[in-house]
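Okay, thanks for coming, everyone. Let me put the structure up, and then we'll walk through it together.

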Amino acid sequence: MVPVSVGQAGNVSGLLLSLILSEQVQNRTDSVDFGPSQLWCHRFAGLRSYATPHSQFFAPSEGIMLPAGSYNNKVAFITGGGTGLGRAMTGVLSQLGAQCVIASRKLEVLQQTATEISSQTGNKVHAVQCDVRDPQAVSRCVDQMVELTGLPDVIINNAAGNFICPSERLSANGWKSITDIVLNGTAFVTLELGKRLIQNQKGASFLAITTIYAESGSGFVVPSASAKAGVEALYKSLAAEWGRYGHRFNIIQPGPIRTKGAFSRLDPTGTFEKSMIGRIPTGRLGKPAELANLAAYLSSDYASWMSGAVIRFDGGEYVSMAGEFNELRKVTDDQWKMLETMIRSTKGS
Ligand SMILES: CCCCC/C=C\CC/C=C/C=C/C(=O)SCCNC(=O)CCNC(=O)[C@H](O)C(C)(C)COP(=O)(O)OP(=O)(O)OC[C@H]1O[C@@H](n2cnc3c(N)ncnc32)[C@H](O)[C@@H]1OP(=O)(O)O
Ligand SMILES: NC(=O)C1=CN([C@@H]2O[C@H](COP(=O)(O)OP(=O)(O)OC[C@H]3O[C@@H](n4cnc5c(N)ncnc54)[C@H](OP(=O)(O)O)[C@@H]3O)[C@@H](O)[C@H]2O)C=CC1
């Protein structure tokens with residue numbers, strides 16, 4: 001790890017940094033306990049990753065958590081399983097014994113992931129092309145899965161689309177593109193599989209990957225926030241309705257975890273990561289392996305009494321952003337002495 005100073009970015013991000021974040025970052029570096037000397041930068045595989053020194057209290061454990069064989073004789077279906085978090089979840093489930101089916105638009109990407117994971121774990125990973133926006137394509141994909149593996153025990157709705165964009169610049173098709181993937185795609189996959197599982201009297205665990213701002217809403221990602229909120233309503237509703245068929249429905253709301261898909265569309269210049277780390281109480285991004293362990297637990301028989309749960313998984317970022325006074329983290333000891341003196345000396349109202 002090497003300490004870096006803020007503002008060493010290239011042209012575009014340097015400009016953005018000075019225009020958008022200068023006040024925020026300068027305040028932080030000038031007067032608070034989160035200056036450049038305390039901002040750390042890991043460099044690996046050509047990627048930067050910032051963390052605070054206190055993140056060392058929260059070092060990630062990236063090994064597989066569940067006992068070996070926990071998923072023997074199970075079939076798992078993961079949308080968007082070729083990349084990012086979907087790939088990490090597929091890797092863990094496969095390592096634990098599951099036969100996995102991964103589905104998304106880009107068959108070559110899926111096939112490469114399937115080959116890599118199955119050669120590491122010794123368990124089959126099947127790649128099936130499917131655009132979840134198209135209900136007929138989803139139905140064909142499920143037909144294909146039935147041929148390959150039979151109906152799944154575990155369904156993970158992870159596929160998504162997103163980009164930052166001021167809402168006044170958003171076209172109708174931009175809105176449709178995101179909400180079709182996230183909300184309609186999740187609904188088509190869940191309804192198609194749910195109906196077939198019900199017909200076959202087979203129980204299953206459904207998991208949806210949403211995000212922390214599904215609850216709060218967020219400017220600049222309005223279609224994603226709206227669609228993810230819809231997914232949460234869908235899953236909580238079905239948890240109540242389809243328990244009688246042996247189906248569980250749970251939700252993970254991840255905070256920031258570095259993936260190419262997310263960061264290239266939400267922080268294309270890398271400018272926002274530094275300021276974001278400052279509001280995460282654990283001082284670092286999450287790791288795909290940490291999310292994958294949680295997903296593996298929630299989808300496993302160890303969690304058979306969990307349904308309708310919404311698990312926030314964000315290093316504390318959500319509550320840190322929500323609390324009115326949380327910015328007072330930045331006040332130094334000397335400043336506290338002064339503040340306390342002022343408050344104590346106030347008499348009457
Ligand atoms: C500091 C770092 C922060 C990182 C994380 C932080 C916080 C944690 C919370 C994070 C939540 C993350 C949620 C996610 O979902 S991340 C997942 C990201 N992954 C993907 O998006 C992968 C799939 N995405 C895509 O394939 C494309 O990006 C897509 C969504 C645009 C869909 O592609 P496609 O179907 O090919 O669509 P297009 O024809 O290209 O476009 C359709 C429509 O949208 C308009 N559009 C596209 N991009 C933009 C843009 N950047 N701005 C404005 N509009 C855009 C495009 O013009 C089309 O509209 P028309 O009207 O022109 O037809
Ligand atoms: N990384 C992060 O910080 C966070 C991520 N999340 C969520 O985690 C999940 C995974 O995101 P992440 O791994 O970061 O990003 P990725 O971009 O790597 O994953 C998105 C996946 O969705 C697939 N996909 C997109 N459109 C479709 C479609 N129409 N049909 C089928 N599959 C599609 C993509 O594959 P293909 O292009 O082949 O179709 C891709 O594999 C998403 O639900 C995201 O919202 C939530 C909070 C934070």
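So, which residues come nearest to ligand 2? Out of 26 residues around ligand 2, the nearest are Thr83, Ser104, Arg105, Asn158 and Thr259. When I say a residue is near a molecule, I'm asking for one of its heavy atoms to lie within 4 Å of that molecule.

Before I go on, some housekeeping. This is a predicted model, where local features need pLDDT of at least 70 and side-chain atom pairs count only at pLDDT 80 or more, while totals for chains, interfaces and linings use all residues. Residues are numbered from 1 along each chain as its sequence is written, chains are lettered from A and ligands numbered from 1 in the order in which they are written, and side-chain values use heavy atoms, with hydrogens and water left out.

Back to ligand 2, and its polar contacts, meaning pairs of N or O atoms within 3.5 Å (within protein, one must be able to donate a hydrogen and the other to accept it, and residues adjacent in sequence count only if both atoms are side-chain atoms). Arginine 105 puts a polar side-chain atom 2.7 Å from an oxygen atom of ligand 2. Threonine 259 has a side-chain N or O atom 2.6 Å from an oxygen atom of the ligand. Isoleucine 257 uses its backbone instead: an N or O atom there lies 2.8 Å from a nitrogen atom of ligand 2.

How much of ligand 2 does the protein bury? Taken alone, ligand 2 exposes 870 Å², and the protein buries 90% of that. Those areas come from the Shrake-Rupley method with a 1.4 Å probe; for residues, only the protein chains shown count as cover. Helices here are DSSP runs of H or I, at least four residues, and strands are runs of E, at least two, numbered from the N terminus. By class, the shell has 11 nonpolar, 10 polar and 5 charged residues. Nonpolar means Ala, Val, Leu, Ile, Met, Phe, Trp, Tyr, Cys and Pro; charged means Asp, Glu, Lys and Arg; the others, Gly among them, are polar.

Now ligand 1. Here 25 residues surround the ligand, and the closest are Arg105, Asn162, Ser171, Asn173 and Arg265. On its own, ligand 1 has 1300 Å² of accessible area, and the protein covers 65% of it.

Which element supplies the largest share of this shell? That's α8, with 5 residues. Along with α8 (260-266), both α5 (172-199) and α9 (272-277) supply at least two residues each.

Last, one helix pair. Axes of α5 and α7 (residues 222-241) come within 8 Å and cross at roughly 15 degrees. That makes α5 roughly parallel to α7, because angles under 35 degrees count as roughly parallel, over 145 as roughly antiparallel, 65 to 115 as roughly perpendicular and the rest as oblique. The axes are lines fitted to C-alpha atoms, for helices over the stretch in contact, and angles run from 0 to 180 degrees between N-to-C directions.

That's my tour, thanks!
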